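Subject: Structure handover

Hello,

Here is the structure for you to look through. Please open it first, then read my notes below.

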Amino acid sequence: MKRGKWFLFPLTLLLLAGLFCLPAWAAESAGSVADAVEQTWGDASAQIRSVVDSVVFPALGMVLAIAFFVKLALCYFDYRKHGQFEWTGPAILFVCLIFVLLAPNYIWSIVGIE
C-alpha cells in the first residue's frame, strides 16, 4: 500500500504537468522562430551594449584595479619580509585590467554589434 502512495504522487504531478503544458508554434505568416529571435536581438542589442559599456566593464575594471593594488601591496610586504619580489600575480592582474579597459573598443565588432 505504501508503494502505491509513493508512485501516485509523482504520477499525479506528471499528469498535471502534461495537462498544463501547451506547445509553442510559430505562426506561418509571422515567419520562423529564428526570425523572431533575430528581430528581438536586433531590438535589444543597443540596450545590451549600453548596459555592458556603462555598468559591466566599469565594475570589472574597478574590481580588477582594487585586486591589482592589493596584490601589489601584499607582494611589497612579502618583498620586505623575504627579500624577493614575485611579479606573477600583479602582472596577471595588470594585463587583465588593461584587457577590461580596452575591451569596449573592440568587443562589439567581435560580437557583431556595430
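The buried residues of α2 pack against α3 (88–111), where contact means heavy atoms within 4.5 Å. This is a predicted model: local features need pLDDT of at least 70, side-chain atom pairs count only at pLDDT 80 or more, and totals for chains, interfaces and linings use all residues. Residues are numbered from 1 along each chain as its sequence is written, and side-chain values use heavy atoms, with hydrogens and water left out.

**Helix α2**

Helices are DSSP runs of H or I with at least four residues, numbered from the N terminus. α2 covers residues 33–82. A straight helix of 50 residues would span 74 Å. That expected span is 1.5 Å times one less than the number of residues. Between its end C-alpha atoms, α2 spans only 63 Å.

Where is the kink in α2 centred? Look at Ala-44, where the kink is about 45°. The bend at a residue is the angle between axes fitted to the seven residues ending there and the seven starting there. After α2 comes Gly-83, with a positive phi near 85°.

Which residues of α2 are buried? They are Ser-45, Val-52, Phe-57, Gly-61, Leu-64, Phe-68 and Cys-75. Buried means under 20% relative accessible area, exposed means over 50%, and partly exposed lies in between (1.4 Å probe, protein chains only).

**Charges**

Side chains of opposite charge can pair when their charged atoms come close. A salt bridge needs a side-chain nitrogen of Lys or Arg within 4 Å of a carboxyl oxygen of Asp or Glu. The count here is 1. Arg-49 bridges to Asp-53, with the closest N and O atoms 3.6 Å apart. Both residues sit in α2, 4 residues apart, about one turn of the helix. Arg-49 counts as partly exposed because its relative accessibility is 28%. Asp-53 is partly exposed too, with a relative accessible area of 28%.

**Rings**

Rings of Phe, Tyr and Trp (its six-membered ring) pair if their centres lie within 6.5 Å. There are 6 aromatic pairs. Phe-68, Phe-69 and Phe-94 form one cluster.

**Cysteines**

How many disulfides does the structure hold? The count is 0, taking a disulfide as two cysteine sulfur atoms within 2.5 Å. Cys-75 is in none, and its nearest cysteine sulfur, that of Cys-96, is 15 Å away. Cys-75 is buried, at 8% relative accessible area. Cys-21 counts as exposed, at 54%.

Best wishes

Notes:
Helices (H or I, at least four residues) and strands (E, at least two) are DSSP runs, numbered from the N terminus. Rings of Phe, Tyr and Trp (its six-membered ring) pair if their centres lie within 6.5 Å; planes under 30 degrees apart count as stacked, over 60 as edge-to-face and the rest as tilted.
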